[in-house]
Amino acid sequence: MSTIEAERDASLDREDDAPLRWTRRLGAAFAHRLWPVCMLFGGLALVAVLTNHPGSYIADNRFEQFWSPGARLLREAFIWDGSRDLGRVREDFWPGSTAFLGVLRGLGASAALAQHLWHAALLTMGGVGMVAVLRLFRPRIDVVHVLAGLFFMFS
């Protein structure tokens, strides 16, 4: 253990501020780790999307992406789309999102639930991305990071 860590632990163990000791230890433990922020943002995103029109499909993208992602992945195996006019380059080539939705549908999620879980994943990735960008300027994760991530997620 380095001297800096020993001094920090000694300052955390002072008896005059015993009621605040656990919060300081918790803050020191999570100040450089990103997974607690991921869990917090993921939970909040799930609450937000699952309480907003639960069980209903909202037409925001191509229906077959959520209803039949396996068939869509098969069509995306080829970059040329010969079904429209004389054919053209496929402009709806999204294998990453379709594969994620295919896994959700394969696990038994309905089209509406898969859509809600996809939106929660997007919100979580956006908020965690904001925290990661702020960590470039302020390496210690603080309230500012969490507020910026939440603002990015829910604005």
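Predicted model: local features only at pLDDT ≥ 70, side-chain atom pairs only at ≥ 80, totals over all residues.
1. A contact here means heavy atoms within 4.5 Å. Residues are numbered from 1 along each chain as its sequence is written, and side-chain values use heavy atoms, with hydrogens and water left out.

2. For orientation, the chain holds eight helices and two strands, where helices (H or I, at least four residues) and strands (E, at least two) are DSSP runs numbered from the N terminus. Read along the sequence, their order is α-α-α-α-α-β-β-α-α-α. Of the 155 residues of the chain, 25% count as buried; buried means under 20% relative accessible area, exposed means over 50%, and partly exposed lies in between (1.4 Å probe, protein chains only).

3. How many aromatic pairs does the model have? The count comes to one aromatic pair. The partners are F100 and W118, whose rings are tilted, at 5.4 Å centre to centre and with 50° between the planes. The rule behind this takes rings of Phe, Tyr and Trp (its six-membered ring) as paired if their centres lie within 6.5 Å, with planes under 30 degrees apart called stacked, over 60 edge-to-face, and the rest tilted.

4. That pair also links distant parts of the chain: F100 lies in helix α6 (residues 95–106) and W118 in helix α7 (residues 111–137), 18 residues apart. Are the two partners buried or exposed? F100 is partly exposed, because its relative accessible area is 34%, whereas W118 counts as buried at 16% relative accessibility.

5. Buried in α6 are S97, T98, L101 and L104. Seen down the axis, the buried residues of α6 fall within an arc of 120°, so they line one face of the helix; the arc is that of the directions from the helix axis to the C-beta atoms. The cover over these buried residues includes α4 (63–67), α5 (69–75) and α7.

6. The face of α6 turned away from its buried side carries the exposed residues G96, V103 and G106. G106 counts as exposed because its relative accessibility is 64%. The C-alpha atoms of G106 and P69 are separated by 9.4 Å, although these residues are 37 apart along the chain. After α6 comes G108, with a positive phi near 105°.

7. S97, on the buried side, deserves a look of its own. This residue of helix α6 counts as buried, because its relative accessibility is 14%. Which residues does S97 contact, leaving aside its neighbours within four places in sequence? They are Q65 and W118, and W118 is also F100's partner in the tilted pair.

8. Now the packing of α7. The axes of helix α3 (residues 35–50) and α7 come within 8 Å and cross at roughly 145°. Axes are lines fitted to C-alpha atoms, for helices over the stretch in contact, and angles run from 0 to 180 degrees between N-to-C directions. The crossing of α3 and α7 is right-handed; a crossing is left-handed if the near helix is turned anticlockwise from the far one by less than a right angle, and right-handed if clockwise. Among the residues making the contact are F41, G42 and A45 of α3 and L117, A120 and L123 of α7.

9. The axes of α7 and helix α8 (residues 143–154) likewise come within 8 Å and cross at roughly 145°, and this crossing is right-handed. Residues of α7 including L123, G127 and M130 meet residues of α8 including H145, G149 and F152.

10. Finally, α8 itself. Its 12 residues should span 16 Å at 1.5 Å a residue, which agrees with end C-alpha atoms 16 Å apart. The buried residues of α8 are H145, G149 and M153. They cover an arc of only 65° around the axis, which puts them on the same side of α8. These buried residues pack against α3 and α7, whereas V143, L147 and F151 are exposed on the other side of α8.

Note on methods:
Expected span 1.5 Å × (residues − 1).
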